[in-house]
Amino acid sequence: MFYPGSVDTQAVRPAWRVSDGGWWRVAALLIAVLVSMPVLMLLPAWLTPSSEVWRHLADTVLGELLRNTLVLLLGVGAGVLVLGVGLAWLTVMYEFPGRRVFEWALMLPLGIPAYVMAFVAVGLLDFSGPVQAALRAVFGQNGYWFPRIRSEGGVIAVMTLALYPYVYMLARSAFLSQGRTLMEAGRSLGLSPRAAFVRIALPMARPAIAAGVALALMETLADFGAVTIFNYDTFTTAIYKAWFGLFNLGAAAQLSTLLLLFVAVALYAERHWRGQSRYYAAGKPVQGHRHRLTGLRAAAACGFALSVLALAFIIPVGQLIFWLVSAGIEDLDAGYVEFVSHTVSLGLLAALFTVAAAVLLAYVRKQWPGRLMRAVTRLATLGYALPGAVLAVGIMLAFTRLDRQVDAFVQTVFGVSTGLLLSSSVAALLFAYLVRFLAVAHGPVESALERIKPSLQQAARSLGASHRELLWRVYLPILRPGLLSAALLVFVEVMKELPATLLLRPFDWDTLAIRIFELTSEGEWQRAALPALTLVLVGLLPVILLVRRKA
């Protein structure tokens, strides 16, 4: 955009864009190469296949892994689609008791990690849980029927309740931005409310819905904790078993490449479903012109929204508080402080490094727009699509090879062994977080950078400011709110992250997520409530941020 009184950007840029921007672009390219390194390290794994291990896997679990992963994807995809789109349409188009609360409260389950919701569901609904115990007290030992919670339907239901907010948020924004003119035109031509929704509103919101479903499916593929608690084997659990059970990192790498195929298919399906169609809003937004429901319809709408909110947020958090109160805070000792210290320090360091890389990428993308930098940025932010277990295997392969080369060099020159410096170190963990969450930080930073007027840059450059001075003295003070948002999002994601932390952490370096995993593996539901409730409270911070932005 050209602002009155400013200098034409295109007239100024050619004098300095080629001469003094080389190192900045090289740095951005280096970040993209580093981020893609874990995936590149997985591909050669097929050159040396472990035939015995693969024969064992094919004879025992490979078919089950494929089936379970496909069923989980289809079940969760269908569940989040129905719940997310249905709740979004309900809160946008209709007025009913409690709507103003439900429209933001239905986003709260986003703050609960799927593995926390999973162990609460198992602890509450399993045979030894309070629900079945109460039923036995009323109907006798064999006088009642209750569905088995550790089942395929159980894990699909839990993951649907944990992940539907992705679809709800994006579909709601799409419905709100649609003009009501087209809907009114459709109704005037004789379409029923249902037909107008199916033939007009739903196709217009299709890109946003597809993006939400794709996000939910990515999280489903990356999940490790919830499926482990339900004893439901998928590729992430198989990677863990191949690594720690069979001690075969090569087999884990080959399983990781198969999981990557699922990720690629999910990404392609999202692009294909979104298609090349373009839809534009017509008329005023629908907000403020909702259809008022009365009687049974109002009660049904309120009951539906309340049921989902209760199952996905109120009951899990209430159960965690009950366990915490009943079990006491005996675990709140020096060991717990150490878990919190490890978790917070990892989150802060990861946020610092990741936001710094995101600022560099966004700055280079803004200063030198073009196909190359666009491709570099896209490559560097693809890490969010990679499951944590896949990242861990790729990073372990790369760092193990690097450690061997360093050790061989030092032994040759100095005659001493360095051992493993990078493998299973804090540095490996931080690198995994950088790859995984760079896209999370890049979004807010790029959005804030794009809102800065070009006239500021032109004034600074005309006064002789270098790129470093322009970024440090002009852009960063203005970008402070966007940087804080990006750092907060990365910090919370790192605190909740489980599979990469579990596979790459140094010995005796446990975090809150690891503590939850260890306690739930032993059935210690009550003792897991303290670290779980801590993570839930921290996880609500970005949700509150989102709600405030929407407001």
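A search of the whole structure finds 12 aromatic pairs.

## A stacked pair

One of these pairs is formed by Phe119 and Trp525, whose ring centres lie 6.2 Å apart and whose planes meet at 10°, so the pair is stacked. The two partners come from distant parts of the chain, 406 residues apart, with Phe119 in helix H6 (residues 114-125) and Trp525 in the loop between helix H23 (512-521) and helix H24 (529-550). Phe119 counts as buried because its relative accessibility is 0%, and Trp525, at 16% relative accessibility, counts as buried too.

## An edge-to-face pair

The pair made by Tyr363 and Tyr475 is edge-to-face, with 5.9 Å from centre to centre and 70° between the planes. This pair also links distant parts of the chain, since Tyr363 belongs to helix H16 (residues 334-367) and Tyr475 to helix H21 (residues 467-496), 112 residues apart.

A further arrangement involves an aromatic ring and a charged side chain: Arg136 lies over the face of Phe127, at 4.2 Å from the ring centre.

## Where helices H6 and H15 cross

The axes of H6 and H15 come within 10 Å of each other and cross at roughly 70°. Angles from 65 to 115 degrees count as roughly perpendicular, and the two helices are therefore described as roughly perpendicular to each other. On the H6 side the contact is made by Val116, Met117, Phe119, Val120, Gly123 and Leu124, while H15 contributes Ala312, Ile315, Pro316, Gln319, Leu320 and Trp323. Phe119, which is one of these contact residues, is also the residue whose ring is stacked with that of Trp525.

Ala389 has its place in helix H18 and is buried, with a relative accessible area of 2%. Leaving aside residues up to four places away in sequence, Ala389 touches Ile239, Ser256, Pro499 and Leu503. The C-alpha atom of Ala389 is separated by 7.3 Å from that of Ala222, although the two residues are 167 residues apart along the chain.

Ser425 is found in the loop between helix H18 (388-414) and helix H19 (426-450). With a relative accessibility of 12%, Ser425 counts as buried, because the cut-off for this label is under 20%. Not counting residues up to four places away in sequence, Ser425 touches Leu504 and Pro506.

## The chain as a whole

The protein chain contains 24 helices and two strands, and 51% of its 551 residues count as buried. Among contacts between residues at least 6 apart in sequence, 82% join residues that are at least 24 apart.

The average pLDDT of the protein chain is 83, and 89% of the residues score at least 70. Among the elements of the chain, helix H15 (residues 295-327) has the highest mean pLDDT, at 93, whereas helix H1 (residues 9-12) has the lowest, at 43. Over residues 1-19 the pLDDT stays under 50, and for this stretch the model has 25 contacts beyond four places in sequence. Where pLDDT is low, the predicted coordinates should not be read in detail.

Key. Residues numbered from 1 in each chain as written. Predicted model: local features only at pLDDT ≥ 70, side-chain atom pairs only at ≥ 80, totals over all residues. Heavy atoms only, no water. Phe/Tyr/Trp six-rings, centres within 6.5 Å; stacked < 30°, edge-to-face > 60°. Helix = DSSP H or I, 4+ residues; strand = E, 2+ residues; numbered from the N terminus. Buried < 20%, exposed > 50% of the residue type's maximum accessible area, 1.4 Å probe, protein only. Lys NZ or Arg CZ within 6 Å of the ring centre and 35° of its normal. Contact = heavy atoms within 4.5 Å. pLDDT = per-residue confidence, 0-100. Axes fitted to C-alpha atoms, helices over the stretch in contact; angles between N-to-C directions. Parallel < 35°, antiparallel > 145°, perpendicular 65-115°, else oblique.
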